[in-house]
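Please study the model shown here before reading the questions and answers below.

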Number of protein chains: 2
Amino acid sequence: MANETSNDNITTSVLPGFMELTPKDQMAFDKMKDIIADTYKKFGFISIDTPAIERSEVLLAKAGGETEKQIYRFNKGENDLSLRFDLTIPLARYVSEHQQDLVFPFRRSQIAKVYRGERPQKGRFREFYQCDIDIIGRDSLSLMNDAEIPSIIYSLFSKLNFGPFVIKINNRKIINGLLESLGVANLSVDIMRTIDKTDKIGKDEVSKVLLEVGVPEKVLPEIFGFLEITGTNEEILSSLKNLGVKNEIFDLGVAELGEVVKNIKLFGVPDKNFKIDLSIARGLDYYTGTVYETTLIDYPQVGSVCSGGRFDNLAEKYTDKKFPGVGISIGLTRLFAQLKEAGIIEGDSATPTKVLVVPMIEDMTIPFSIASALRDNNIPTEVYFDDVKAKVKLAYANKLEIPFVILIGEDEVSADKYTLKDMISGEQSLLSMEEVVERLKIH
Amino acid sequence: MANETSNDNITTSVLPGFMELTPKDQMAFDKMKDIIADTYKKFGFISIDTPAIERSEVLLAKAGGETEKQIYRFNKGENDLSLRFDLTIPLARYVSEHQQDLVFPFRRSQIAKVYRGERPQKGRFREFYQCDIDIIGRDSLSLMNDAEIPSIIYSLFSKLNFGPFVIKINNRKIINGLLESLGVANLSVDIMRTIDKTDKIGKDEVSKVLLEVGVPEKVLPEIFGFLEITGTNEEILSSLKNLGVKNEIFDLGVAELGEVVKNIKLFGVPDKNFKIDLSIARGLDYYTGTVYETTLIDYPQVGSVCSGGRFDNLAEKYTDKKFPGVGISIGLTRLFAQLKEAGIIEGDSATPTKVLVVPMIEDMTIPFSIASALRDNNIPTEVYFDDVKAKVKLAYANKLEIPFVILIGEDEVSADKYTLKDMISGEQSLLSMEEVVERLKIH
């Protein structure tokens, strides 16, 4: 990646924090992206597209200090513009703007690049793909949607095939209610950001940070007692009910979590693929109910590969109407980089081409009609044009890992039979044009 | 589009010059984009992805004054950054940077957004999709590639189905040679930019502009005599040969054009879909040989819908290596806007969902397993969860134009037969789960 070729001193490497892939890796990346897009589509999500450039006032309406520092912001004419740093704020604006034209519940997907001018560091990108789905209701949205989301995650990660995974589920009302009952509700944002890191930094460090932000030492045992509840989903729900917390929000959270867990089963997600985890709270403070994280069992270092949750009011900064929603996001660029580092991303080839037609004659009529027939059958096909030795042509197919080559010489044209070579096994067959198409359609 | 809903005075409309579509239009847009991507793939082009943000020095290495004014440029930390304004310069940088990792001829496609801060006007966008393919050789590239490009355009616009179209072909060496023979080669950039507009502004205006830029009046008849050559492709080639121009570049251009035209036929493009047009010269001065424009016969006001050409040296600003290439670009955002205005874009529905499963019972086991079976057969399916009247559920399907609804009530569950309703014909059938899947697979 670092072989900078330059002329007039112009650097051609990409900027730090940006990902640019060579063809074989790009093919592997696109395969992941296609599986995600295809799964979202099969669950009836409408793919929308919003501008990458937004008014700064729209993007910063809800943002805090860190976001403001990271944002790419600039002026053009009289406009104060910024590049989007997520897809949720553009969705909120879109729903506000187009609410008359939308049908609710509005199931929308968006797979697009977002921008954050962070200090470049391992696993952090300044330009990266987010792959989001959200289900947005008008005024209300059935809790059944919270149960459907894990079934989509299940379907998706089964197809992505990165080994066993578990979808962790929690409900923020539970901890909000608990904190309220402990008299520390005013510190809830700090507390939840901190306990969200328990897996990463450990209990001692979490205690230290909690004391620093002003949590009284006497309530720490109750917070940790709560966090240490384990067992099966049924055991956890039962422990929560027996905790003796007298708080309505807490009770509502436990009831919602119970209902969601019951319905996830109905949606066909196997028990081993989802579990209640009271330690996950999702740092972002706009989640108000169900929250999700997804971890790959064999690659715990990757962290959550698919996270999200329920929010009461998507677009409160832009409209007085109430739009509750539930959704998830996958940070695809980071996920790809980490799985590649873990060695489980292997591209199949450096081109979509499945067949290279290699003419060894002047007249291109036959080569072109074979290529055309293959393409009509949805088989990506190239004809090698350059007048070079057959060895060079086959080397081209080999380097790109094109699986099949069709050799067409004088003898083949006279006999109306063509040599199909399987580049992996080396096997060659002499076939008619129709037989070639039939044989390759099966692959 | 202009119904601005606001709170705290935040405008939720998109910025002027940006396109944002509601779901039904977005579906129609994506259908066009998918046909383009699919065609490029079938011809073996590798889809690559480069950052939207580049170093300003990279983007501006070759740019002129107009581009520099339009570019979105900003600083972040110590970096002088800009948003790409086309996909060709990023390709040049990519090829320079990754030349060791690429196999040549390198067939690359890129479908992505580019940015130009132009004064907003009808048909001009500040953010728009370009859909590009280029074939890049190392040191040399066979002229056969110049003939393959029109066969790709032909395949693509046949599938896009916007009525009859014609691919216009020329070779810049012909006019370059002619101008050299007339002693006005030094004015060639101005002359070609001007005559490229003959269709739009007419001959008188072209004459006026040519005189203004310093073309001697005495050579105008020869320029127009040349531009007015018409006839079949064979007649034009023959007229060019008989023009008596004594210039090697001219002769080479005529020979190349003849060769390309002969091979386009071989590639199976019907005569009515391509023709030599000596008036097209493509404004951009980096084309050095074959040039293309494509016009829709029924929509001349749209102008060229797919343009491109041959360039001798793609990456000369970044590397000493020589990379000749040939390619085309489609400005999809503008094309979509204009065809929509012409009334020929009609979305089919506002969702990818083909089947809405409508449970009229509490137990979701059967509804979910039917939805799951349909999705396993690649049929996008939704289940309607909210506990509302059946009328509201059917209204949801109607508004989104979902073609099929499956009604599941107590009776259906007991009989293990479900009501499939065709929402267009209104026809209802009572079918088993397997029959439902079979029936819908055919659609």
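The following questions concern a predicted model.

Q: By a turn of how many degrees can chain B be laid on chain A?
A: The superposition has an RMSD of 0.1 Å, and the shift along the axis is 0.0 Å. The two copies are thus related as by a two-fold rotation axis.

Q: Is Asp387(A) buried, partly exposed or exposed?
A: Asp387(A) belongs to a negative surface patch, together with Glu362(A), Asp363(A), Glu410(A) and Asp411(A). Asp387(A) lies in the loop between strand 13 (381-383) and helix 15 (390-400) of chain A. A residue counts as exposed when its relative accessible area is over 50%. The value for Asp387(A) is 78%, so this residue is exposed.

Q: How many residues apart in sequence are the parts that Arg107(B) and Glu148(B) tie together?
A: Arg107(B) and Glu148(B) form a salt bridge, with the closest N and O atoms 3.1 Å apart. Arg107(B) lies in strand 5 (residues 106-115) of chain B and Glu148(B) in helix 5 (residues 144-160) of chain B, so the pair ties together parts whose separation in sequence is 41 residues.

Q: Which helix of chain B holds both Glu259(B) and Lys262(B)?
A: A salt bridge joins Glu259(B) to Lys262(B), and their closest N and O atoms are 3.8 Å apart. Glu259(B) is partly exposed at 34% relative accessible area, and Lys262(B) is partly exposed at 49%. The two residues are three residues apart, about one turn of the helix, and both lie in helix 12 (residues 248-266).

Conventions:
Residues are numbered from 1 along each chain as its sequence is written. Chains are lettered from A and ligands numbered from 1 in the order in which they are written. This is a predicted model: local features need pLDDT of at least 70, side-chain atom pairs count only at pLDDT 80 or more; totals for chains, interfaces and linings use all residues. Side-chain values use heavy atoms; hydrogens and water are left out. Patches are made of residues with over 30% relative accessible area and no salt bridge: like charges are joined within 9 Å, nonpolar side chains (Val, Leu, Ile, Met, Phe, Trp, Tyr) within 5 Å. Accessible areas come from the Shrake-Rupley method with a 1.4 Å probe; for residues, only the protein chains shown count as cover. A salt bridge is a side-chain nitrogen of Lys or Arg within 4 Å of a carboxyl oxygen of Asp or Glu. Lys and Arg count as positive and Asp and Glu as negative; His and the chain ends are not counted. The place of a charge is taken as NZ of Lys, CZ of Arg, CG of Asp or CD of Glu. Helices (H or I, at least four residues) and strands (E, at least two) are DSSP runs, numbered from the N terminus. Buried means under 20% relative accessible area, exposed over 50%, partly exposed in between (1.4 Å probe, protein chains only). Copies are superposed by least squares on the C-alpha atoms of residues with pLDDT of at least 70 in both.
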